[in-house]
Amino acid sequence: PIPCVPCLPRYLEHFDMDVEAEALMERVSEPTGTHIWRCKICSKENSDKARVRRHVKSNHTKKAEPVKQEPKYSISFKEGEHVFGTEEDFQSKVLSLMDKEEGLDHKVTWSCKECNKSASDKSRIRKHVEQHISGLVFECMFCELRARRSGYLDNHISKHHSK
């Protein structure tokens, strides 16, 4: 699918990165008759072309500057009598409710300090701890909808305010 006009520069940038990555890969025939993909720079090999492309893009191509996105919603929450309303305050509060623990096998587990729920996926715990933040409200920047969880508002925006 062809992207919309505002998204076209970003699409072309990623397309260029794929072309650059593919130039740094080669398909190699094994003596057994199978084919593998190899990174021309460090010789990392895999039968899955997408994995080698991802490796090349991550490790051997110039990274694109992240695009600063405009906020889709505003955030506010209470702590005592004080009301906070910045993204930085919110991220700081979320992180203060999370613990990171590394096991003997070097696997990382994230947990909620409020209820001890845990997961290996950091983003899952980030979303979970939102329920423990007193007075947390996400307000849509396109209409007046308010929600207690960011995921609800993300779904709302993609359904009702996406082109």
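Reader: Are phenylalanine 90 and phenylalanine 138 buried or exposed?
Author: This is a predicted model, in which local features need pLDDT of at least 70 and side-chain atom pairs count only at pLDDT 80 or more, while totals for chains, interfaces and linings use all residues. Residues are numbered from 1 along each chain as its sequence is written, and side-chain values use heavy atoms, with hydrogens and water left out. Buried stands for under 20% relative accessible area, exposed for over 50% and partly exposed for what lies in between (1.4 Å probe, protein chains only). Phenylalanine 138 has a relative accessibility of 0%, and both phenylalanine 90 and phenylalanine 138 are buried.

Reader: How many aromatic pairs are there?
Author: Rings of Phe, Tyr and Trp (its six-membered ring) pair if their centres lie within 6.5 Å; planes under 30 degrees apart are stacked, over 60 edge-to-face, and the rest tilted. By this rule the count is 3 aromatic pairs.

Reader: How many residues apart are tyrosine 73 and phenylalanine 138?
Author: Their ring centres are 5.3 Å apart with the planes at 90 degrees, so the pair is edge-to-face. Helices (H or I, at least four residues) and strands (E, at least two) are DSSP runs numbered from the N terminus. Tyrosine 73 is in strand β4 (residues 73–79) and phenylalanine 138 in strand β9 (residues 137–140), a separation of 65 residues.

Reader: Which residues do the ring pairs link into a cluster?
Author: Phenylalanine 90 and phenylalanine 138 also form an edge-to-face pair, 5.5 Å from centre to centre and with 90 degrees between the planes. Phenylalanine 90 is in helix α3 and phenylalanine 138 in strand β9, so this pair ties together parts 48 residues apart in sequence. Tyrosine 73 is buried as well, at 18% relative accessible area. The cluster linked by ring pairs is Tyr73, Phe90 and Phe138.

Reader: At what angle do helix α3 and helix α4 pack?
Author: Angles under 35 degrees count as roughly parallel, over 145 as roughly antiparallel, 65 to 115 as roughly perpendicular and the rest as oblique. α3 and α4 are therefore roughly perpendicular. The contact is made by Gln91, Val94 and Leu95 of α3 with Lys122, Arg126 and Val129 of α4. Helix α3 (residues 87–96) and helix α4 (residues 122–129) have axes 9 Å apart and pack at about 105 degrees.

Reader: Which residues does histidine 156 contact, leaving aside neighbours within four places in sequence?
Author: Histidine 156 is in helix α5 (residues 150–160). At 14% relative accessibility, this histidine 156 is buried. With those neighbours left aside, histidine 156 contacts Cys140, Cys143, Leu145 and His161.

Conventions
Axes are lines fitted to C-alpha atoms, for helices over the stretch in contact, and angles run from 0 to 180 degrees between N-to-C directions. Contact means heavy atoms within 4.5 Å.
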